[in-house]
Structure formats: structure tokens, C-alpha cells
Amino acid sequence: MRPASPAAISWLRASLTSDASTAPLRARQRPAACLLCTNLFPSKTTPRRRQFTSQTSSSRGEPIKSPSHYTFFPRSLPAGPPPHGRFSIDLPALKKEFLQLQAKAHPDLHAPENKNKAQALSARINEAYKTLKSPLLRAQYLLSLRGIDIHEDETAKVEDPELLMEVLETRERIEEAESEEDLRDMRIENDGRIEKSVRVLEKAFERDDVEQAKAEAVRLRYWVNIKDSLDGWEKGKPVVLEH
């Protein structure tokens, strides 16, 4: 066999130590991303698009930023919250990603020293999913990111007499119902109200119109209360609507 030339030997040495030849090896050796770390302790790198985060206060009174509910679902909600993303959500896709996350975060799948973190992460994922899958809770959450609590905000009260009259009349009709059949038309009518409110909220959050979103979230709360009353109907049972 003819010995290799000095030039060939030099080329071989260079190829073995170059970035191009070692990159695949380094990629294979890179550890997988830690679910506990990536969700509980987000990267300090801030994406270019605006981030909506919830805030709490530390013992020194300094705000502590934590990921928004949208952060947990990058596949089904890649654009994040409005106005960058849409208010409406693909619920089947959200549920699928939620189940995948819960399977990975289950405390029994983690080492004993990480169980507390896994339990905390699992609870946060549950809270995020429960909030985002409900149009009402989602709207209230998005408003809370802007510092508005419609439960406490005195300006977030309905003063529309026609709306209040419609709510009271619907409550009376539910209380006077004799059978489930009597509720059928009311359910269809109320589902239409909810769908209309969701469309209004979609446009309001798209424009970042906080005042309209706040007003419509209050209206939606009435329609959701009526839906709950219809779903839990019992003959002769009084209807209590939360305001």
C-alpha cells in the first residue's frame, strides 16, 4: 500500500478537528431540554414580540415576572396572547398539548428531589388549561394582565337596562320551566348570546380595546351564569345569578 502524502495527512487532521466534523457529535451529546426548567424557570432571553406576563411581589416589593398561561402551550398558541395572537382558541389542539404536558410533568415520573417542582408545574399547567379553555375565564385573565379585575372594578358594572331586563326575564323563565323540553329554546338562544360575545371579544382584543373587552366580559359573565343555571336546572329550584 502506498503511504499517504504529507498533504493528505494534514487534510485528515484538519477535518477531524474542524467544527463541521465535530458538530454532529456535539449535537448528539447535548442533553435534552428539562421540562421542569423550561416552564418553571423561563429563559432570560426576551423574544422580539411583546410578552404578557403575570406579576407578583417579592418580600422587597419588587415585581417578579412569571410566564403567562400562553407560555405553556407553544404548539397550539404559538403567537401568544392578543393582540399578537387571536382570542379564539383551537380547543382540540389545546387539549392535546395539555395532555402531553401533563404526561411529562407527572410527579411519579421524576426523581424524588424533583417531585415538588413537578407537582408545582402540574398545578400551573392545570390552571393555565382551565383558564384558557373557557372564553369567560380567558377574557378575565387577559384583562388581569392589563391590571383590570372585573370582580373588583366598580366601573365594570352593567348599567344597560335592556340587558338587565333580559337577564331577569330569562331567570324567571328558567324558574317557571316544568320540564327539560321547556329549556331547549332557551339553551339555543343563550348559546347564541355566548357566541356573539366571543366574537365581540375577539375584535376588541385584536384592537387592544381594553374598555370594550371589559364591558363585553361583564356581559359574557351573565350569559355564562345563565348557561350554568340551565345546565343545573331542577324543577322548582330558584335561580341565583352572580353579578
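Me: What makes F87 count as buried?
Reply: This is a predicted model, and in it F87 has a relative accessible area of 0%. Buried means under 20%, so F87 is buried.

Me: Why is F205 called buried?
Reply: Its relative accessibility is 2%. The cut-off is under 20%, so F205 counts as buried.

Me: How many aromatic pairs are there in the whole structure?
Reply: A search finds two.

Me: Why is the pair of F87 and F205 called stacked?
Reply: The ring centres are 5.4 Å apart. Rings pair if their centres lie within 6.5 Å. The planes of F87 and F205 stand at 15°. Planes under 30 degrees apart count as stacked, so this pair is stacked.

Me: What parts does the pair of F87 and F205 tie together?
Reply: F87 lies in the loop between β2 (63-66) and α4. F205 lies in helix α8 (residues 184-206). The pair therefore ties together parts that are 118 residues apart in sequence.

Me: Why are F98 and Y129 called stacked?
Reply: Their ring centres are 4.0 Å apart, and their planes are at 5°. The limits are within 6.5 Å for the centres and under 30 degrees for the planes, so the pair is stacked. F98 lies in helix α4 and Y129 in helix α5 (residues 115-133), so parts 31 residues apart in sequence are tied together. Both F98 and Y129 are buried.

Me: How do you know that the charged end of R138 sits over a ring?
Reply: The charged end of R138 is 4.8 Å from the centre of the F87 ring, and it sits over that ring. The distance cut-off is within 6 Å. R193 has its charged end over the ring of W223, 4.8 Å from the centre.

Me: How does the reach of α4 compare with the expected span?
Reply: Helix α4 (residues 91-105) has 15 residues. From its first C-alpha to its last it reaches 21 Å, close to the 21 Å expected at 1.5 Å a residue.

Me: Why are the buried residues of α4 said to line one face?
Reply: The buried residues of α4 are L94, E97, F98, L101, Q102 and A105. Seen down the helix axis, they fall within an arc of 140°, so they line one face of α4. On the other side of α4, P92, K96 and K104 are exposed.

Me: Why is D149 called partly exposed?
Reply: D149 has 36% relative accessibility. Buried is under 20% and exposed is over 50%, with partly exposed in between. So D149 counts as partly exposed. Its place is in the loop between α6 (135-144) and α7 (161-176).

Me: What sets D208 apart in its phi, and why is it called partly exposed?
Reply: Phi of D208 is near 60°, a positive value in a residue other than glycine. Its relative accessibility is 31%. That falls between 20% and 50%, so D208 counts as partly exposed. D208 is found in the loop between α8 and α9 (210-231).

Me: Which residues touch the most other members of the largest nonpolar core?
Reply: F73 and F205 do, in a core of 44 residues. α4, α5, α6, α7, α8 and α9 each supply at least two residues of this core. The largest share, eight residues, comes from α9.

Key:
Residues numbered from 1 in each chain as written. Predicted model: local features only at pLDDT ≥ 70, side-chain atom pairs only at ≥ 80, totals over all residues. Heavy atoms only, no water. Helix = DSSP H or I, 4+ residues; strand = E, 2+ residues; numbered from the N terminus. Expected span 1.5 Å × (residues − 1). Buried < 20%, exposed > 50% of the residue type's maximum accessible area, 1.4 Å probe, protein only. Arc of directions from axis to C-beta. Phe/Tyr/Trp six-rings, centres within 6.5 Å; stacked < 30°, edge-to-face > 60°. Lys NZ or Arg CZ within 6 Å of the ring centre and 35° of its normal. Core = buried A, V, L, I, M, F, W, Y, C linked by side-chain atoms within 4.5 Å.
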